[in-house]
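This report looks at nonpolar packing and aromatic pairing in one protein model. The sequence and the coordinates are shown first.

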Amino acid sequence: MPRRGLVAGPDFEYFKRRFFTPAEVAAHNQAEDLWVSYLGYVYDLTPLAQEYKGNLLLKPIVEVAGQDISHWFDPKTKDIRKHIDPLTGCLRYRTPRGRFVHVPPQLPRSDWANDFGKPWWQGSQYEVGRLSPKTRNIRIINTLTSQEHTLEAWGRARPCLSRWGRWSPCGKSSTATSPTTSTRPATRGSTKARTSA
């Protein structure tokens, strides 16, 4: 018989955060817990690292664990940057740290298996969320106990302002007005807004 008055809480097994700060990504910098970010998204490559454990091709990825690797990718195609190989004249992936998992070798080889399906950077199976473009520190002070905590939060002030600014004039004062421009009304005969020094 179900107990009355109890409400089921959230199911955290399927809970998925949407945004991560660069500091949170940087905390996952080991082969056993490997996260990277690129092109605005955060990826958990731990399963990939476990699958290819001991493989030399995993080394370039482990070296950049916890970092942003957007410079590896072309933002338009969302694929690894390419270049013309000067020796062969063929279009090749540009991998300055060396060839890594799912990147084909420079020359044909009989020991390279391409039966893995999509490369890890093209699928969304490793995606865990988005990288927060800007973060800010929020200081919380408990005035009764004088305890102080600083939180790093993601957020965008401009969309908030554009959404609520027309109904709340105080919203403009905290985020959008620059310190040099004043929105005080003009004085006698002047039609321009004053600027403060």
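The text below describes the nonpolar cores of this predicted model and then turns to its aromatic rings.

The largest nonpolar core has 23 residues, and those with the most contacts inside it are L45, I61, W120 and W121. The elements that give two or more residues to this core are β3 (33-38) and α2 (46-51), with β3 giving the most, namely three residues. A second, separate core has six residues, among them F20, V25, V42 and L131.

W120 is buried, at a relative accessible area of 1%, and, once its neighbours within four places in sequence are left aside, W120 is in contact with residues including Y38, L45, I61, F73 and F100.

The structure holds 11 aromatic pairs, and two of them are set out here.

| Pair | Distance between ring centres | Angle between planes | Class |
|---|---|---|---|
| F73 and W120 | 6.4 Å | 85° | edge-to-face |
| W112 and F116 | 6.1 Å | 70° | edge-to-face |

F73 lies in the loop between α3 (59-63) and β5 (82-84), while W120 lies in the loop between β6 (91-93) and β7 (127-131), so the pair ties together parts that are 47 residues apart in sequence. F73 is buried, with a relative accessible area of 0%. In the other tabulated pair, W112 is partly exposed at 25% relative accessible area, and F116 is partly exposed at 26%.

One aromatic cluster is formed by Y38, Y43, W72, F73, Y93, F100, W120 and W121.

Definitions and conventions
Residues numbered from 1 in each chain as written. Predicted model: local features only at pLDDT ≥ 70, side-chain atom pairs only at ≥ 80, totals over all residues. Heavy atoms only, no water. Core = buried A, V, L, I, M, F, W, Y, C linked by side-chain atoms within 4.5 Å. Buried < 20%, exposed > 50% of the residue type's maximum accessible area, 1.4 Å probe, protein only. Helix = DSSP H or I, 4+ residues; strand = E, 2+ residues; numbered from the N terminus. Contact = heavy atoms within 4.5 Å. Phe/Tyr/Trp six-rings, centres within 6.5 Å; stacked < 30°, edge-to-face > 60°.
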